[in-house]
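Please keep the sequence and the structure in view while reading.

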Amino acid sequence: MREVITQKIARQERVSDAEATYLYQEASLEDLRTWATAVKARFHRLDQATYLIMRIINYTNVCVAKCDYCSFYRLPKSPEGYVLPQEQIYAKIDEILALGGDFVGFNGGFNPKLKLDWYENTFSQIRKRYGDSIEFYALTIAEMMYVAKLCRLSYAEVCKALKDAGVRWITGGGAEILTNEFRQRHSPQKYTADDYMHAQKVVLESGLKSTATMVIGFDETIEERVEHLRRVRELQDETGGGLFSLLSWTYKPYHNDLGGQEVAAAEYWRHLATSRIYLDNVRHMRTSVLTQNENALTGLHFGANDFDIPLEDEVTQMAGAVINQDIQAILGQARAEGFEPVFRPMALTATTGVNA
Ligand code: SF4
């Protein structure tokens, strides 16, 4: 198997699902690093890594999906439930801009009180106020699916309405592990994996941009991880490269029903490398400072080419993530690993380059 994979990578051929299983289960970290770097070199300079300065704006924690791995949500009647007022949303955006960032991601719960018009109004007001000086991930695919269901609209209708409101991205967040069995075990009220893939295809067909995400470290099997990667690779083939990147996080096991253990750094690096090698049609592999802190920067040796510097994400912080807000320290860690960090602009007004 080792020789076959070495030759396939040299010839720029695809690895199979069985070979991906070998990468997860048997390959040495040294081989994974070598192979992932060879695939990364097809797309990127090896002495640099791009980064974003960003925050997640958790606009509501009210949710009816009740995923057992979630530490963030509150049910509709909970006194701890909230919806952020617009002024607080603006204050969070202003803070990012003041720090030199140009990007926020919106992520909340399945809140039955927030219909499509709330999102249209929120996002169109942000565009009106900030123009193209800020970019934002409007919702995750999962939230968009819920809004469609709540308002009895098709995915295409919701996408069109959001696009008309100034939205450009609906990110692939909320994916965790994309198999129907995993969804049934942990979040039967969220979506099925088949429906998720369909919704993401509609997002791309609507002219909106999207990304892939994946979270490891629940109770998923290696076969389930490979199935998730296969679904992403197939969608990427079908859409001619519509997905900008894959961002891989690790599960945080605190203060929720599922519990469990943190993913060790070496297991994360193994996953990053396997993803880089298997997803030969996804240009950008993003490593997660939010969930792996400095270990995420070592992940740049295992196929990743991009990292986030996050200021806030209540969802993962409630589950145990610890955020380091010292931007220079994180950049220094990337340099210590041998990568010159290069700011990746998201806003259209940025002059240092265009990311997508
Ligand atoms: S993970 Fe998302 S959809 Fe699931 S309970 Fe938490 S907020 Fe709701």
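## Ligand shell

The shell around the ligand consists, by class, of 7 nonpolar, 3 polar and 2 charged residues. Here Ala, Val, Leu, Ile, Met, Phe, Trp, Tyr, Cys and Pro count as nonpolar, Asp, Glu, Lys and Arg as charged, and the others, Gly among them, as polar. The residues around the ligand are Cys63, Ala65, Lys66, Cys67, Cys70, Phe72, Tyr73, Gly109, Phe110, Gly174, Ser187 and Lys190.

The model is predicted: local features need pLDDT of at least 70, side-chain atom pairs count only at pLDDT 80 or more, and totals for chains, interfaces and linings use all residues. Numbering starts from 1 along each chain as its sequence is written.

One member of the shell, Lys66, has a positive phi of about 60° although it is not a glycine. Lysine 66 lies in the loop between strand 1 and helix 4 (86–98). Helices (H or I, at least four residues) and strands (E, at least two) are DSSP runs, numbered from the N terminus. Lysine 66 counts as partly exposed because it has 15 C-beta neighbours inside 10 Å. The scale behind this calls a residue buried if 20 or more other C-beta atoms lie within 10 Å of its own, exposed if 12 or fewer, and partly exposed in between, with C-beta atoms placed from the backbone.

## Overall fold

The protein chain contains 15 helices and 9 strands. Its radius of gyration is 19 Å, close to the 21 Å that the globule rule gives for 356 residues, so the chain is as compact as a globular protein of that length. The radius is taken over C-alpha atoms, and the rule is 2.2 Å times the number of residues to the power 0.38. Along the principal axes, the C-alpha atoms fill a box of roughly 55 × 45 × 40 Å.

Of the 356 residues in the chain, 48% are buried. Two residues are in contact if their C-beta atoms, placed from the backbone, lie within 7 Å. Among contacts between residues at least 6 apart in sequence, 79% join residues at least 24 apart.

In soluble globular proteins, nonpolar side chains tend to be buried together. In this model the largest nonpolar core has 106 residues, of which Ala138, Met144, Ile170, Ala273 and Ile277 touch the most other members. Strand 1 (residues 48–57) gives the most to this core, with 7 residues. A nonpolar core is a set of buried Ala, Val, Leu, Ile, Met, Phe, Trp, Tyr and Cys residues joined through C-beta atoms within 7 Å.

Not counting residues up to four places away in sequence, isoleucine 277 touches Ile9, Val15, Leu23, Trp35, Ala36 and Val39.

Helix 2 (residues 17–25) has Glu19, Ala20, Leu23 and Tyr24 buried. These residues are on the same side of helix 2 because they cover an arc of only 145° around the axis, the arc being that of the directions from the helix axis to the C-beta atoms. Ala18 and Gln25 are exposed on the other side of helix 2. The buried residues of helix 2 pack against helix 1 (2–10), helix 3 (29–40), helix 10 (222–238) and helix 11 (265–278).

Glutamine 12 is found in the loop between helix 1 and helix 2. Its phi is near 60°, a positive value in a residue other than glycine. Glutamine 12 counts as exposed because it has 10 C-beta neighbours inside 10 Å.

## Three further positions

Alanine 199, in helix 9 (residues 193–205), is buried, with 21 other C-beta atoms within 10 Å. Leaving aside neighbours within four places in sequence, alanine 199 is in contact with Ile141, Met144, Met145 and Tyr155. Phenylalanine 136, in strand 3 (residues 135–140), is buried, with 24 other C-beta atoms within 10 Å. Phenylalanine 136 touches Phe103, Val104, Gly105, Phe106 and Ile126, not counting residues up to four places away in sequence.

Cysteine 151 is in the loop between helix 6 (141–150) and helix 7 (155–164). Cysteine 151 is partly exposed, with 14 other C-beta atoms within 10 Å. The C-alpha atoms of cysteine 151 and phenylalanine 302 are separated by 43 Å.

Methods
A residue is near a molecule or strand if its C-beta atom, placed from the backbone, lies within 6 Å of it.
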